[in-house]
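Please look through the sequence and the model shown below before reading on. The report that follows takes up a few selected sites in turn.

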Amino acid sequence: MSPLTTVLLSLLLLGFAASSNCPDGWVHFGTSCYHFSHDTESMPVADLVCQHLDGHLVEIESSEENTYLASKAAALKASFWTGLSDMQQESVWLWYDSGRHLTSTSFQHWFPNEPNNAGMDENCAYISSGSWNDAPCHLALHYICEKDDGSSEIVG
Ligand code: MAN
Ligand code: CA
């Protein structure tokens, strides 16, 4: 292999490697990077922090993703805000950042008898031990940010 070929191949490989890496403090699963917060915030502020980190509050779309997040969260023994909310319209659950509906056909994993809108003031959903509960959005909880791992971006 010529030196030039070696350099170009190395750059290409580095490019691919970097494209599917996650920043420090983020973990990789599927095509996403996830950050489990150390601080606690209300749900809307948590989302702003995630956006500041070039991401958004987590959007859980499959049982595989849910199980992965639960396994990571288990060690931390905390409840984490997700990006799921019905603050716009009661009982219409939307993923806050993409605006996608949580319909009867998509994955969901509520605790039994949830969401119950207790006190008629529960419009945000957290994940705890892999299951979901609706709770007041102003509660200060940990949260999970998600962002694309960049693997689908064009390199070079
Ligand atoms: C219980 C249940 C939940 C509710 C919380 C509020 O755990 O009623 O549905 O969200 O209390 O603290
Ligand atoms: Ca509830």
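In which strand does Glu146 lie? Glu146 lies in strand S8, where helices (H or I, at least four residues) and strands (E, at least two) are DSSP runs numbered from the N terminus. This is a predicted model, in which local features need pLDDT of at least 70 and side-chain atom pairs count only at pLDDT 80 or more, while totals for chains, interfaces and linings use all residues. Residues are numbered from 1 along each chain as its sequence is written, chains are lettered from A and ligands numbered from 1 in the order in which they are written, and side-chain values use heavy atoms, with hydrogens and water left out.

**Overall layout**

The protein chain has 3 helices and 8 strands, and from the N terminus on these elements follow the order α-β-β-α-β-α-β-β-β-β-β. Of the 156 residues in the protein chain, 40% are buried; buried means under 20% relative accessible area, exposed over 50%, and partly exposed in between (1.4 Å probe, protein chains only).

Glu146 is buried yet has no salt bridge, and the nearest side chain of opposite charge, that of Arg100, is 8.1 Å away. Here Lys and Arg count as positive and Asp and Glu as negative, with His and the chain ends not counted, and a salt bridge is a side-chain nitrogen of Lys or Arg within 4 Å of a carboxyl oxygen of Asp or Glu. Asp149, found in the segment after strand S8 (142-148), is likewise buried without a salt bridge, with Lys147 as the nearest side chain of opposite charge at 11 Å.

The side chains of both residues make polar contacts, as the table sets out. A polar contact is a pair of N or O atoms within 3.5 Å; within protein, one must be able to donate a hydrogen and the other to accept it, and residues adjacent in sequence count only if both atoms are side-chain atoms.

| Side chain | Partner | Distance |
|---|---|---|
| Glu146 | Ser32, side chain | 2.7 Å |
| Asp149 | His28, side chain | 2.6 Å |
| Asp149 | Ser151, side chain | 2.7 Å |

**Salt bridges**

By the rule given above, the count comes to 2 salt bridges. In one of them the side chains of Glu59 and Arg100 meet at 2.4 Å, N to O, and this pair links distant parts of the chain, with Glu59 in the loop between strand S3 (56-57) and helix H3 (63-76) and Arg100 in the loop between strand S5 (94-95) and strand S6 (124-128), 41 residues apart. Glu59 is buried, with a relative accessible area of 6%, whereas Arg100 is partly exposed at 47%. Arg100 also forms a salt bridge with Glu61, the closest N and O atoms being 3.3 Å apart, and through shared partners Glu59, Glu61 and Arg100 are joined into one network.

**The calcium ion**

The calcium ion (ligand 2) is coordinated at 2.2 to 2.6 Å by Glu114 (OE), Asn116 (OD1), Glu122 (OE), Asn133 (OD1), Asp134 (O) and Asp134 (OD). Donors are N, O and S atoms within 2.8 Å of the metal (3.2 Å for Na, K and Ca), and water is not among the atoms, so sites may look incomplete. Along the chain, the donors follow the spacing E-x1-N-x5-E-x10-N-D.
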